[in-house]
Amino acid sequence: MNNESPAPPASGAITPLQQMVASCSGAILTSLFVTPLDVVKIRLQAQKIPFPKGKCFVYCNGLMDHICICENGNSKAWYKAPGHFSGTLDAFVNIVRHEGIRSLWSGLPPTLVMAVPATVIYFTCYDQLCAALRVRMGDYAQVAPLLAGATARVGSVTVISPLELIRTKLQSQKQSYRELTQCIRSAVAKEGWLSLWRGLGPTLLRDVPFSAMYWYNYEMGKSWLCGLSNITEPTLTITFVSGAVSGSIASIVTLPFDVVKTRRQVELGELQAKNLPGQASSTFCVMCRIVAEDGFRGLFAGFLPRLIKVAPACAIMISTYEFGKAFFQKHNKERTHGPLQTNP
């Protein structure tokens, strides 16, 4: 009986498990870097327009958006406004000075519960699909990242959507898990299983085009920069720049869908929090309302804050992910060829 560990993949290729580890590391690192930006943004918003009880706001850890319900006005540590901030830098300094540096990562643990598995599913599926499509598409292999990115995003968003609904109910109503189970069973009995995927449509309208454009531009940009530098394997700088630029382009193009999705997600969250009957407005109705109230410029509201958050998040995530994959590839090659190098 052979007690040796299984041989690693040939030619240093990495396994799906190693891809998961690499993407998980990237998700955690991205969240650690980007969360303080959103905490400060929420605190500045709360200072200008206090959040009343029962209202919702969107919180993002750099990987995905989450709906949060205000329970007691501004009593929550991560969106209360104890003082007056003159700007972003002033908010950073005063929050750290008066509340401690840990307050910049308020709300991170519960969001990571969903963000990490969603990112692991997304990146692992993308790599597997992209590799398979490139083999089958032949002369059209350059389109593989676009199709793989869109398909992977559909899968990850669909899996996570019911968890987002459950998390919103837990946060807004402070229910026990038994009460939550009964609530979900009741909703399913009345409205069917599809009720667990409320709000999925506008999320897909934003995230699927974003992912398709992001991966296509990232792969093209990475190849172009490698050719410009006369190297075959991308460096950390190349992956960082490619990720930031492709993320910026995708975020600008899909910004109208992001505005609509956020508005509709907030409406759904408030209905769930108040246990009100009926459904939020459709995606098309929300878009028409925004145009009627604010003009077409309203569809591009929050352009700069989204760009500032998305560009570094994409850059950090993809750089960490590629670094992790390169580490495992090197490790697998050493395991494969190490015994051969010991022979005289």
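Let me start with contacts, meaning heavy atoms within 4.5 Å: among those in the protein between residues at least 6 apart in sequence, 72% join residues at least 24 apart. Before going further, please note that this is a predicted model, in which local features need pLDDT of at least 70 and side-chain atom pairs count only at pLDDT 80 or more, while totals for chains, interfaces and linings use all residues. Residues are numbered from 1 along each chain as its sequence is written, and side-chain values use heavy atoms, with hydrogens and water left out.

The protein has 10 helices and 2 strands, taken as DSSP runs numbered from the N terminus (helices H or I, at least four residues; strands E, at least two). From the N terminus on, the order is α-β-β-α-α-α-α-α-α-α-α-α. Of the 344 residues, 46% are buried, where buried means under 20% relative accessible area, exposed over 50%, and partly exposed in between, with a 1.4 Å probe and protein chains only.

Leaving aside neighbours within four places in sequence, Y126 touches P145, A148, G149, A152, W215 and E219.

What lines the second largest pocket? There are 26 lining residues, of which E233, E322, K325, A326 and Q329 lie nearest the pocket's centre. Here a pocket is an open set of points on a 1 Å grid over the protein atoms alone, where a 1.4 Å probe fits, with protein on both sides within 12 Å along at least five of seven lines, and lining residues have an atom within 4 Å of a point. Helix 10 gives the most to this lining, with 8 residues.

Finally, consider N230, which is found in the loop between helix 6 and helix 7. N230 has a positive phi of about 55° although it is not a glycine, and this residue is exposed, with a relative accessible area of 72%.
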